[in-house]
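Here is a protein chain to explore together.

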Amino acid sequence: MKTAITEMFGIEHPIIQGGMHYVGFAEMAAAVSNAGGLGIITALTQKTPADLTNEIARCKDMTDKPIGVNVTFLPTVNAPDYPAIIKAIIEGGVTVVETAGNNPVQVLPYLKDAGIKVIHKCTAVRHALKAQSIGCDAVSVDGFECGGHPGEDDIPNFILLPRAADELEIPFVSSGGMADGRSLVASLALGAQGMNMGTRFIATKEAPVHENVKAAIVAASELDTRLVMRPLRNTERVMTNDAVEELLRIEKEKGADLKFEDIIEQVAGVYPRIMMEGDMDAGAWSCGMVAGLINDIPTCKELIDGIMQQAEDILARMNGYAAAG
Ligand SMILES: Cc1cc2nc3c(=O)[nH]c(=O)nc-3n(C[C@H](O)[C@H](O)[C@H](O)COP(=O)(O)O)c2cc1C
């Protein structure tokens with residue numbers, strides 16, 4: 001299946017693995033890229049730019065296919081060394097960068113000069129248009145269903161994707177709630193040229209996370225995520241657990257007076273304990289509603305081949321309807 005996205009990124013299938021904190025290591029990205037999708041390393045999971053350089057080199061040892069790096073711009077006081085991160089990406093020979101969080105205008109000229117394609121992840125049509133106007137090559141449109149940060153507008157993908165299609169000139173991929181061949185065909189029907197998945201890729205054999213995380217996703221239904229940090233306008237969709245229920249209790253108690261410090265125990269620095277040690281109640285971790293559609297732990301190749309096969313079957317069936325009609 002050729003689309004503007006497969007052509008732009010030089011990949012076989014229009015499927016991207018979105019950047020994920022403490023999941024997007026070299027093993028994850030290489031497995032997705034080797035299966036014909038676009039695997040993405042998460043820059044901020046690496047402690048230093050030198051570590052990112054090593055991670056990119058490790059990934060390139062595992063695959064000859066294109067890989068991407070996610071650069072998330074966080075609303076933080078101690079900003080990471082973004083110029084050094086960008087330098088590591090350029091010198092590492094990476095061909096695609098997924099930006100997220102804030103507008104990437106500061107780093108865009110350096111990436112473009114190096115011939116790197118930039119896909120910006122956004123949760124609103126106005127942000128997608130902004131990304132287009134500053135020169136991003138593509139956008140990833142993240143609906144309200146998504147794991148991680150869905151923004152504050154709460155527009156699900158059945159509205160957001162066709163809205164994006166009506167306004168954008170650059171290609172875009174759907175993101176949030178995507179799991180299988182049905183998701184891919186629906187995304188194409190709504191105007192996207194591919195799809196991005198986060199949560200689905202965590203429940204794969206190669207995902208370098210503790211088995212408890214994979215089991216929690218398989219066990220969860222679509223009812224098991226919660227939105228946290230809304231009072232801080234930093235909303236995150238997470239898997240519910242004891243720490244999240246306590247976080248929500250604190251949010252309710254503090255109301256409009258809530259400060260980040262009040263919930264620091266539940267959100268700060270918890271990812272290594274969850275993703276690496278499998279301590280599933282250590283704190284809040286991003287997870288999409290799509291957990292309700294995830295019932296197995298395939299290899300990335302089995303997952304992607306299965307998606308493409310199902311998509312082709314659906315398209316053939318639809319063609320059959322059209323011919324019969
Ligand atoms: C555990 C986890 C960690 C994530 N970390 C990041 C991140 O660091 N930066 C980012 O841009 N997106 C992050 N995301 C969002 C994903 O890249 C992707 O946009 C999202 O998962 C899509 O929704 P889905 O989970 O329904 O597929 C994360 C998602 C998950 C599930």
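This is a predicted model: local features need pLDDT of at least 70, side-chain atom pairs count only at pLDDT 80 or more; totals for chains, interfaces and linings use all residues.

## A tour of the chain

What does the chain consist of? It has 14 helices and ten strands. The radius of gyration of the chain is 19 Å, close to the 20 Å that the globule rule gives for 325 residues, so the chain is as compact as a globular protein of that length. Along the principal axes, its C-alpha atoms fill a box of roughly 60 × 45 × 35 Å. Of the 325 residues, 47% count as buried.

The chain is divided into domain 1, residues 4-209, and domain 2, residues 211-289. Their C-alpha centres lie 23 Å apart. Domain 1 brings 20 residues to the contact, and domain 2 brings 17 residues. On the side of domain 1 that touches domain 2, you will find nine nonpolar, nine polar and two charged residues.

Let us start with helix 6, which covers residues 125-134. Its buried residues are V125, A128 and A131. They cover an arc of only 115° around the axis, which puts them on the same side of helix 6. The face turned away from this buried side carries the exposed residues R126 and S133. What do the buried residues of helix 6 pack against? Their partners are strand 5 (117-122), strand 6 (138-142), helix 7 (157-167) and strand 7 (172-175). Just after helix 6 comes G135, with a positive phi of about 110°.

Now move along to helix 8, residues 181-189. Here S183, L184, V185, A186 and S187 are buried. Among the elements that cover these buried residues are helix 7, strand 7, strand 8 and helix 14 (300-324). Helix 8 is followed by G191, whose phi is positive, near 110°.

D154 has a phi near 60°, a positive value in a residue other than glycine. You can find D154 in the loop between strand 6 and helix 7. R233 is not a glycine either, yet its phi is positive, about 55°. R233 lies in the loop between strand 9 (225-228) and strand 10 (236-239).

Next, visit I170, in the loop between helix 7 and strand 7. Which residues touch I170, leaving aside its neighbours within four places in sequence? The answer is Q132, C136, D137, A138 and V139. By contrast, I170 and R273 are 39 Å apart in space, C-alpha to C-alpha, and 103 residues apart in sequence.

Finally, look for E245 in helix 11, residues 242-254. E245 and R226 are 19 residues apart in sequence, and their C-alpha atoms are 8.9 Å apart in space.

| Residue | C-beta neighbours within 10 Å | Class |
|---|---|---|
| R233 | 9 | exposed |
| I170 | 19 | partly exposed |
| E245 | 12 | exposed |

To read the last column, you need the cut-offs: a residue is buried if 20 or more other C-beta atoms lie within 10 Å of its own, exposed if 12 or fewer, and partly exposed in between. With 12 neighbours, E245 therefore counts as exposed, while I170, with 19, counts as partly exposed.

Definitions and conventions. Residues are numbered from 1 along each chain as its sequence is written. Domain bounds come from an automatic or database domain assignment. Two residues are in contact if their C-beta atoms, placed from the backbone, lie within 7 Å. Ala, Val, Leu, Ile, Met, Phe, Trp, Tyr, Cys and Pro count as nonpolar, Asp, Glu, Lys and Arg as charged, and the others, Gly among them, as polar. Helices (H or I, at least four residues) and strands (E, at least two) are DSSP runs, numbered from the N terminus. The radius of gyration is taken over C-alpha atoms; the globule rule is 2.2 Å times the number of residues to the power 0.38. The arc is that of the directions from the helix axis to the C-beta atoms.
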